[in-house]
Structure formats: structure tokens, C-alpha cells
Amino acid sequence: MDFKIVFIDDNMSEKEPFVQNIRKHYKDADCNHVFQNPDKGLEYVLENLNSKMIVFIDWNFSGHHKKGIDLLKDIVPMPHFVLFRRGGAVGAGYSYENQK
């Protein structure tokens, strides 16, 4: 796989049409990382900073003390992140190779 696509959203599963559509159009991507728990998703992202990845983060996690912006604050200090927002989701991409 060329890069990873990570989804952190308490209302999303691997069967979600959005995930399936991304998987269909980006065959070179590893799209098998869907986290409903924001802490687990953040942990995965921070443990895999040496990988190229795009991260979609939900804006509001129901019944959880963290919001999407809280996750971004933990991730954004990392170099070479690009942030974008569409609708209620925020996306971030990171490439370790850009540090060289």
C-alpha cells in the first residue's frame, strides 16, 4: 500500500458508504483503519507517523469528553500536516518523507 487512510468517527464503520467509496477510488491506499473511539484513533495516528496517511476526524464525538479539535491539537504540532475541512469532518494528511 502506498499510504493509509484513517477514519476517526464515533458513527462510522468499515461498511459506511463513505469508507467504501474511498476504498473503491483509492485502491493503493490501506483503508482498514476505522476508529469509533477517538483515543484509539489518535494513538494509532501518533504511533504511525512514519507512514504517509490521510486522517478524517469527526468534529463531535457523542458521549466522549474529546472533540475533533482536541485530536487536531494533539496531531497538528507534528510537522508537515495539511488540514482541510469539508462539512462536519476535518481531514489531515502527514508524510514522513517530506521531512527529508
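Tutor: Leu49 is buried, with a relative accessible area of 16%; buried means under 20% relative accessible area, exposed over 50%, and partly exposed in between, using a 1.4 Å probe and protein chains only. Keep in mind that this is a predicted model, where local features need pLDDT of at least 70, side-chain atom pairs count only at pLDDT 80 or more, and totals for chains, interfaces and linings use all residues. Residues are numbered from 1 along each chain as its sequence is written, and side-chain values use heavy atoms, with hydrogens and water left out.

Student: Where is Leu49 found?

Tutor: Leu49 sits in the loop between helix 2 (38-47) and strand 3. Helices (H or I, at least four residues) and strands (E, at least two) are DSSP runs, numbered from the N terminus. The C-alpha atom of Leu49 is 9.8 Å from that of Ile75, and these residues are 26 apart along the chain.

Student: And which residues in helix 2 are buried?

Tutor: Pro38, Gly41, Leu42, Tyr44 and Val45 are. They are on the same side of helix 2, because they cover an arc of only 160° around the axis, the arc being that of the directions from the helix axis to the C-beta atoms.

Student: OK, switching to strand 3. Is it mostly covered or mostly open?

Tutor: Mostly covered: strand 3 (residues 53-58) has five of its six residues buried. Strand 3 runs parallel to strand 1 (residues 3-8), and five bridges join them; two strands pair if DSSP finds at least two bridges between them. Lys4 stands opposite Met53 in strand 3.

Student: How many aromatic pairs does the structure hold?

Tutor: Four. Rings of Phe, Tyr and Trp (its six-membered ring) pair if their centres lie within 6.5 Å; planes under 30 degrees apart count as stacked, over 60 as edge-to-face and the rest as tilted. One of the pairs is Phe7 with Phe18, edge-to-face at 5.9 Å centre to centre and 85° between the planes. Phe7 lies in strand 1 and Phe18 in helix 1 (residues 17-25), so this pair ties together parts eleven residues apart in sequence.
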